[in-house]
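Here's a quick briefing to read alongside the model. Have the sequence and the 3D view open as you go.

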Amino acid sequence: MNPQLSVMTHIRGGVFTRADARACGYPDPDIDSLLDTGGWRRIRPGTYAPHQTLTLVDDQMLHLRRLFQVLRRGEPGLIASHQSAAALHALPLWGLDLTDLHLTTRTGTPGLQPSGIHRHVRDPVGPGVTVWNKLRLVTPARAVAEIAATSPLAPAVALTEAALYAGLATPADLRRAINNLAEAPARDGDPLGCGPARAQRVLELAGSGSASVAESRLHLILTEADLPAPSPSPPPLLEEHTLDPASTLWFPDQRTVVEFEPRFPFWSEEFDDYSPEASDRAFGAIGSTDAEPPEPLEYCWISWTDLDYPDLIADRLRTTFARATRRTGVHTLDPRRHRRRP
């Protein structure tokens, strides 16, 4: 099931219609084939559900269902924006507040309404508005820029990397969307405020190497702790090791493999789940770029819960790197280290 249809399944409470499937890119022959082979099952005429899929009623589902009702039956001119638009684009919503719906309009009183709608008033509304399945919403690039300007750093970076990974936006798209943001005053203790400067910082931190929220958070912790960046190549593993390259980071200079819990993998816009790039990332078909990569000496495990404690992770990695150094007797030159005069 592609990301768009997954969104509609959340909106419908675990089911979807034939019209939903068509709007999400499935032609009728593919729909009939999925029904005949058991990939989807009929709930009633014209209404289907994924086969053996457990649909949880979580904050994301409740947010999407409320949003759908407001956009279809609410006042005209409402446009889903911020995290509400990100939800419709099937972007990861980890760490984002889904209590209120975020809608942009040309008129009205800005701010949080008693109905649980956060109204953003812009006249003109600005570029980056699209229509999907009869729903008006901002484009992925604009949604990412809006969230990057107003949300905590880690969720904003993960969302940005997910949009880049899925091909929903390019760095150029995001820069243009950031330039179109309205300026906002700085908050107490936050010199970047809630505007383009904050969003630009998120874009600078976002990379293209992460494939899950967990990996994005780990990369951000490494950057903020001024620790070495991992190699883009998978680690050289011995035959008896069964590590998944999609959930490991390789530090060749430190002779260390870091394994983490790959929570919340990013969506891919590729409908074919077995595209070459996806299979390479998942099964490690890409070989190491090192001519003769050294075998790892140390291993470090990081759980999803550990990511809530960045200082603990930084200390654990420094300890692991130091242990590998003692075992090899090889010290990596740090050009930033202060050199004593002879």
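This is a predicted model: local features need pLDDT of at least 70, side-chain atom pairs count only at pLDDT 80 or more; totals for chains, interfaces and linings use all residues.

Residues are numbered from 1 along each chain as its sequence is written, and side-chain values use heavy atoms, with hydrogens and water left out.

**The helix pair**

- Helix α6 (residues 140-150) packs with helix α7 (residues 153-166) at about 165 degrees, and their axes sit 9 Å apart. Helices here are DSSP runs of H or I, at least four residues, and strands are runs of E, at least two, numbered from the N terminus. Axes are lines fitted to C-alpha atoms, for helices over the stretch in contact, with angles from 0 to 180 degrees between N-to-C directions.
- α6 and α7 are therefore roughly antiparallel (over 145 degrees).
- On the α6 side, Val-144, Ile-147 and Ala-148 meet Ala-156, Leu-159, Thr-160 and Ala-163 of α7 (contact means heavy atoms within 4.5 Å).

**The sheet**

- Three strands form an open sheet in the order β1-β3-β2, paired antiparallel (two strands pair if DSSP finds at least two bridges between them).
- β1 (16-17) and β2 (40-44) are the edge strands with a single partner each, so one side of each has no neighbour in the sheet.
- β2 and β3 (residues 47-50) run antiparallel and are joined by four bridges.
- Arg-44 has Thr-47 in β3 as its bridge partner.

**Helix over sheet**

- Helix α3 (residues 28-37) lies across β2 and β3, at about 95 degrees to β2.

Definitions and conventions
Angles under 35 degrees count as roughly parallel, over 145 as roughly antiparallel, 65 to 115 as roughly perpendicular and the rest as oblique.
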